[in-house]
Amino acid sequence: MAIGLILRHTEGNEPSDPYFKNIHTGILDEAAKWRLDTEVLFRMHDKNKDLDQLSKYGAIILIGQMTDDAIKRIKAYNENVILVDANPTIENCDYICNDFGTRTQKILNYLYDLGHRNIAYIGGDSSVVAMNGKTIMLDRDARAEAYSDWMRIKGLNKFEHLYIDNWSIENGFRLCNQMISELDEMPTAIVVGSDPMALGVYKSLKNHQINIPNDVSIVSFDDVEMTNYLIPYLSSVYMDSSEMGKTAVRLAKDLMIEKAKMPLIITCRSELHLRDSVKKIR
């Protein structure tokens, strides 16, 4: 039996995103362990998709978010569909997701206990891909949504500073510059949605002679290897995305052997690695 793969990233930009690259690598490693063949059927942004071939595979693994209508169309050709790093709203769907929304709340609680109140968020857009390959933007990423909800619950609305654009180093740099120029009072902490954006934030703060962590604390997501070279060492959330891919293969294998009686939602737990970029307010 073989597993068909449908990927969110293009072949060109997948290597630049360690999170999704590691999911893909985990799938290949686990499939090889069980001697299961894998084949990339198409990528979500491809305009021409051969859906007829889906029925030839024991299971289909989708990496990334597709619209509910697109998922339904794929399931019409193959019932054994597993989504990785997705959070669809349709029922009768097996998917593996991260805990970044919950983790964001825990980060904010930790910063609050250190005395931080004026906390900003810099992050990227959330989106899904339709069957025709077009990207549809969503209102907010789970991290941004958790941030806004937490700030309101804590009664810190006046300190709610949300800066959102595409997930890139350049936008992290630009959004931090924008934040510094707009705000009368500099936040004492910034939660950043990804490590690449955090690189841009570090550069912006350095250009403005704002010290980390004495002037502002920084916490990010991804915990990728390149952050080892940042000074001070970046506090970041680690998700074993390779293990997410391996879990998807194990679930696919089970579905191919025996039809599941109920759909499964598997939430993978992340870890906050605290380092030198966070400091208690005196």
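K253 is buried, at a relative accessible area of 17%, where buried means under 20% relative accessible area, exposed over 50% and partly exposed in between (1.4 Å probe, protein chains only). The residue K253 belongs to helix α7, which covers residues 241-257. Helices (H or I, at least four residues) and strands (E, at least two) are DSSP runs, numbered from the N terminus. When neighbours within four places in sequence are left aside, K253 is in contact with W34 and L36; contact means heavy atoms within 4.5 Å.

The model is predicted: local features need pLDDT of at least 70 and side-chain atom pairs count only at pLDDT 80 or more, whereas totals for chains, interfaces and linings use all residues. Residues are numbered from 1 along each chain as its sequence is written, and side-chain values use heavy atoms, with hydrogens and water left out.

Seven helices and 14 strands are found in the protein chain. The chain is as compact as a globular protein of its length, because its radius of gyration is 20 Å, close to the 19 Å that the globule rule gives for 282 residues. The radius is taken over C-alpha atoms, and the rule is 2.2 Å times the number of residues to the power 0.38. Along the principal axes, the C-alpha atoms fill a box of roughly 60 × 35 × 35 Å. Of the 282 residues, 54% count as buried. Among contacts between residues at least 6 apart in sequence, 69% join residues at least 24 apart.

With 29% relative accessibility, F173 counts as partly exposed. Residues up to four places away in sequence not being counted, F173 touches G200, V201, K203, S204 and N207. F173 and I266 are 93 residues apart in sequence, and their C-alpha atoms are 34 Å apart in space.

The cysteines were also examined. A disulfide is a covalent bond between the sulfur atoms of two cysteines. Here it is taken as a pair of cysteine sulfur atoms within 2.5 Å, and by this rule the count comes to zero. The sulfur of C93 has its closest cysteine sulfur in C97, at 11 Å, and so is too far away for a bond. For C268 the closest cysteine sulfur is also in C97, at 7.3 Å, which is too far for a bond. C93 is buried, with a relative accessible area of 3%, and C268 counts as buried at 13% relative accessibility.
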